[in-house]
Amino acid sequence: MEKSVNRRKLLKSGLMSIGGMALAPHLVQGAFASQPFYLDTHNRLYYSPLSREYFLDDPKETKLFAKLNANENPYGPPKSAITAAQEAVAGGNRYAWREMYSLVSKIAKKENVDTKQIMMGPGSSDLLEKVALVSFMEGGNIVTADPTYMSMIRVAEKVGGTWKPIPTTKEWAHDLDAMEAAIDADTKLVYICNPNNPVGAMTPAKDLEAFCKRVSKKVPIFIDEAYMELAHGPDAKSMAHLVSEGYNVVVCRTFSKIMGMAGLRVGYMFGLQEFIDDIQKITRGGMGISLTSIMAADAAFGDDSFQMMTKTKNMECKEYVSAELKKMGYDPIPSYTSFMIFPIDMDGKEFLKKMNAQNVGVRAFNIMDQNWCRVSMGTMDEMKMFISAMKGIS
Ligand SMILES: Cc1ncc(COP(=O)(O)O)c(C=O)c1O
């Protein structure tokens, strides 16, 4: 039976800082007061209507719980980042403009753009939201794949934009021809999530590159590459070079996935300076990131061995999960990300209940009238728990 969580317990659980955003008291008592948080039957999961996700009560007390519902990196943060953040705390009385600029300079070098073409944010979600706010406050439409990651679309709709969803191809790639055909005089932005969440598929690089070169002459193209560093194979190609070649393309990245810093909240985007300047106007120059997170990001950015380790282990887990699921008769979509999705023959809520009862947290989606399970790649031990839970439900 679900029951409401009192405020004290909520504070203890850390849920007051969902998404790195400390929830101001007025939000808790005001706008969302009528939307309680829920506990599952085992009193271990909170459902947050704010982020529409489940959160663990206290991971320390529930060691045997595999939390595989938010595409987090189970190995992070890297030790280098933890040390850097710890050392930075003592300097927290000062604004971190210098440290931020130093990180931005490193990013500029890697992405082959000018520092003025980069905007930082507390997580890439913040950047998706700000781009949506600025781009759609006077209306217009956003063209995207369907299904895709919904953050930018939700904000675009809330501020008065219209969503033009274009079903993916049968291989789950962006249907680029149909997307191009959907662009009209009111289109303000094309959003491409590549690899795409929640399906995990990649859009062929050659087609996407040609699309970007052609279409960016009419309308800016925003490419969310949150999982790109985890992708493999010939199509795993970033479109970042198009920015330095002068196309009206914006590429967005996060430190939450391969760098294992989801809770530390750092992301960045880069594009033509005019585009970035327009978005920066509504902010205080990206200073929504704490000194500790900046220093952690700086360390993680240069920690190639941590990133390599994550990528290798993520691949191993995907191979294991895919093979085991197939043995059970499931049909997962080949994944270029840190999660995998496959159709299930059960109501999503029912499925989650059964998985939670076995201490495994995953996500359920309904895509085109079909129920799906999306499972994030945790450690190999967690993936074994997941597979054994799957065996337990059928
Ligand atoms: C495709 C995609 N973009 C952006 C984000 C937001 O990540 P963050 O705000 O942690 O940088 C996510 C998070 O899961 C994602 O899947």
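Because the model is predicted, local features need pLDDT of at least 70 and side-chain atom pairs count only at pLDDT 80 or more, while totals for chains, interfaces and linings use all residues. Residues are numbered from 1 along each chain as its sequence is written.

**The seven-stranded sheet**

Let us start with an open sheet of 7 strands, in the order β6-β12-β11-β10-β9-β7-β8, with mixed pairing. Strands (E, at least two residues) and helices (H or I, at least four) are DSSP runs, numbered from the N terminus, and two strands pair if DSSP finds at least two bridges between them. At the edges here are β6 (118-121) and β8 (162-167), each of which pairs on one side only. From one strand to the next, the twist averages 20 degrees; angles run from 0 to 180 degrees between N-to-C directions, with axes fitted as lines to C-alpha atoms, for helices over the stretch in contact.

Within this sheet, β7 and β9 run parallel and are joined by 4 bridges. Ile-142 stands opposite Leu-189 in β9. Helix α5 (residues 124-136) packs on the sheet, touching β6, β7, β9, β10, β11 and β12, and its direction makes about 150 degrees with that of β11. Contact between two residues is counted when their C-beta atoms, placed from the backbone, lie within 7 Å.

**The three-stranded sheet**

Another open sheet has 3 strands in the order β13-β16-β15, with antiparallel pairing. Its edge strands, β13 (339-343) and β15 (363-367), each have a single partner strand, so one side of each lacks a neighbour in the sheet. Here the twist averages 30 degrees from one strand to the next. β15 and β16 are linked by 5 bridges, and Ile-367 has Gln-370 in β16 as its bridge partner. Helix α13 lies across β15 and β16, at about 165 degrees to β15.

| Element | Residues |
|---|---|
| Strand β7 | 141-146 |
| Strand β9 | 187-193 |
| Strand β16 | 370-376 |
| Helix α13 | 348-357 |

Which residues of helix α3 (residues 79-88) are buried? They are Ala-81, Ala-84, Ala-85 and Ala-88. These residues cover an arc of only 100 degrees around the axis, which puts them on the same side of α3; the arc is that of the directions from the helix axis to the C-beta atoms. Lys-79, Gln-86 and Glu-87, on the other side of α3, are exposed. A residue is buried if 20 or more other C-beta atoms, placed from the backbone, lie within 10 Å of its own, exposed if 12 or fewer do, and partly exposed in between.

The buried residues of α3 pack against α11 (291-301). In α11, 9 of the 11 residues are buried, so this helix is largely enclosed by the rest of the structure. Among them are Leu-291, Ile-294, Met-295 and Asp-298. Their cover includes α3, α4 (97-111) and α12 (304-327).

Ile-276, in helix α10 (residues 273-280), is buried, with 20 other C-beta atoms within 10 Å. Leaving aside neighbours within four places in sequence, Ile-276 is in contact with Gln-117, Met-119 and Gly-271.

Around the ligand are 13 residues, of which Gly-123, Ser-124, Ser-125, Thr-254 and Ser-256 come nearest; a residue counts as near if its C-beta atom, placed from the backbone, lies within 6 Å.
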